[in-house]
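Reader: Could you walk me through some side-chain contacts in a protein I have to look at for class? I am new to this, so please take it slowly.

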Amino acid sequence: MAPDPRHPRSDALDALRGYSILTMALSGLVPWGTLPAWMYHAQLAPPTMKFNPAIAGLTWVDLVFPFFLFSMGAAIPLALAPRLARGEAPWRLALIGLRRGLLLIAFALYVQHAAPYTMSKQPVAATWLLSLLAFALLFPALTRLPGSWPAQTRLLVRAAGWGGMLAWVWLYWYAGGGEPALSAGPSQGVLAAVNRVAARSDIIIVVLANTIVTATLVWLLTRASVPLRLGIMIGVIALRLAKDSPGWVRDVWLWQPVPSLCQLYFQQYLLVVLPGTIAGDLIAAWLRREGAKRHAEPPAVPAARESRTHLLIAAGIVTLIVVVLTGLQARWVTTTACVSVGLCAAVAWLMLPAKGALRRLHWGIFRWSVLWLLLGLVLEPYEGGIKKDPSTLSYYFVTSGLAGFGLVALGAVIDGLRQAGPLRLLIDAGQNPMIAYAGIRSFLAPVVHLTGLEALLVKLLNTPWLGVVRAVLKTLLLAVLTSLLTRLRIYWRT
């Protein structure tokens, strides 16, 4: 987890982001409807897999999205604090947040149109090849180009990528007889065409786009005052509580400046992103201190006893996460709360006294995570129990707590093993999350079908649990591709 003072990063944060992306891929690849309920979203129970909003519970699949939101929030201070220290104006950094949001919206529109099952309900070889072509167009548009290239060359490469993406989104259509965006003709106006295109977007990326803009502004306003940030979170909670009663709050809550792409409703996920920014503040401060220290002295190698303690902390936190998931999914809510408190106390005993900068970092994130988890468990009976969809207040806080625990556990593993090597695939995926995300549908699916690997795996691994093995193997293929591109220093940036 040792930082590079020139490009400060947290391996643990990258690993958490990579975990969320790769488990997102895995959750979409497991056999549909033939496994136990805890292998799917809690509200999609097998064997019918029909959405039922009355089902309360929490599974590992339900953690994928909030873990990514939390890690996105934690990355905001790491990205912006050094720029503020260099004297950049806050308003310029706010514009960077807006730019990121707009780029993510463009990405959300494009990846939805470029997915093979968007182009055809029954893809054939031509469909798979077109999807690979669409995936390739993202490289000139989003890849961080070498600064040594002439400015004109970089501009031409960018124009080629974005021009190709724009043409793809504007001219392509959905499966099942959908019409091209411009098929209605000029008489219905460009706005109608834009609305039809906007309706075909990736909802996960759209939520990220909306919250990154707001979270950037909130962090800039509250970077010196965590209590003020907590006050803004209380304001979001107040809006949520008042939205069901007639009045101006409901009108504001239902406001959609751009249908499908910008809704105030999406801002409720700030209740996960903003806790992430608090963890990010702690990491950023630690990176600054460690970066300055490494200029003066070499990094200390932890003693064997210290390494064992780190691994015990990681094991205790993993046990805590499993207990929370198992208990809430089985609806043993009271028992889960009691056991969780006991496990939090046991891990705290292992972590104290918090000697050294790294242990103090872990302890700081751990304390906030305990607060979020306990708050979520107290809120659990409200709104009919914890649910991802429709998301409940308990869902935001429980998952924020578990994300913080996951961050501490990954950091403890890295430092307990004295290296990041065993988690390298996660770290590399976390450093290149957009490649991994687009690759789930537009690279992985075409490759396994065109090479015949999909048919071979289905033949060899043809039972439900062997189907999970099949999903793991395909997810590993995606992880290896992302890791290779990361090591070649080919990054997509939004």
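Predicted model: local features only at pLDDT ≥ 70, side-chain atom pairs only at ≥ 80, totals over all residues.

Reader: Okay, how many aromatic pairs does the structure hold?

Author: The structure holds 18 aromatic pairs. One of them joins Trp38 and Trp465, whose ring centres are 6.1 Å apart and whose planes meet at 35 degrees, so the pair is tilted.

Reader: Where in the chain do Trp38 and Trp465 lie?

Author: This pair links distant parts of the chain, since Trp38 sits in the loop between helix 1 (11-29) and helix 2 (64-85), while Trp465 belongs to helix 19 (residues 464-487), 427 residues apart.

Reader: And why does Trp38 count as partly exposed?

Author: Trp38 has a relative accessibility of 45%, so it counts as partly exposed, because that class lies between the limit for buried, under 20%, and the limit for exposed, over 50%. Trp465 is also given 45% relative accessibility and counts as partly exposed.

Reader: How are the planes arranged in the pair of Phe139 and Trp492?

Author: Phe139 and Trp492 are edge-to-face, with 75 degrees between the planes and 5.0 Å from centre to centre. Here too the pair links distant parts of the chain, with Phe139 in helix 5 (residues 125-142) and Trp492 in the segment after helix 19, 353 residues apart. Trp492 is buried, with a relative accessible area of 1%.

Reader: Which residues do ring pairs link into a cluster?

Author: The cluster is formed by Phe65, Tyr269, Tyr395 and Tyr396, which are linked through ring pairs. A ring can also have a charged side chain over its face, as with Trp91, where Arg92 lies at 5.7 Å from the ring centre.

Reader: Changing topic, which residues make the nonpolar surface patch?

Author: The patch covers about 500 Å², and its residues are Leu425, Leu466, Val469, Val472, Leu473, Leu476 and Val480. Helix 19 gives the most to this patch, with six residues. Leu476 lies in that helix, and at 41% relative accessibility Leu476 counts as partly exposed.

Reader: What about charges, how many salt bridges are there in the whole structure?

Author: A search of the whole structure finds 10 salt bridges. In one of them, the side chains of Arg17 and Asp14 meet with 2.8 Å from N to O. Both residues lie in helix 1, three residues apart, which is about one turn of the helix.

Reader: Are Arg17 and Asp14 buried or exposed?

Author: Arg17 is buried, with a relative accessible area of 9%, and Asp14 counts as buried at 2%.

Reader: Which residue does Arg229 form a salt bridge with?

Author: Arg229 forms a salt bridge with Asp281, and their closest N and O atoms are 2.8 Å apart. The pair links distant parts of the chain, namely helix 9 (residues 226-242) for Arg229 and helix 11 (residues 270-296) for Asp281, 52 residues apart. Arg229 is buried at 0% relative accessible area, and Asp281, at 19%, counts as buried because the limit is under 20%.

Reader: Last one: which residues are linked in a network of salt bridges?

Author: Arg424, Asp428 and Arg487 are linked in such a network. Within it, the closest N and O atoms of Arg487 and Asp428 are 3.3 Å apart. Arg487 lies in helix 19 and Asp428 in helix 16 (residues 424-431), 59 residues apart. Arg487 is exposed, with a relative accessible area of 57%, whereas Asp428 is buried at 3%.

Notes. Residues numbered from 1 in each chain as written. Heavy atoms only, no water. Phe/Tyr/Trp six-rings, centres within 6.5 Å; stacked < 30°, edge-to-face > 60°. Helix = DSSP H or I, 4+ residues; strand = E, 2+ residues; numbered from the N terminus. Buried < 20%, exposed > 50% of the residue type's maximum accessible area, 1.4 Å probe, protein only. Lys NZ or Arg CZ within 6 Å of the ring centre and 35° of its normal. Patch = residues over 30% accessible without salt bridge, like charges linked within 9 Å, V, L, I, M, F, W, Y side chains within 5 Å. Areas by Shrake-Rupley, 256 points an atom, 1.4 Å probe, with all protein chains shown as cover. Salt bridge = Lys/Arg side-chain N within 4 Å of Asp/Glu carboxyl O.
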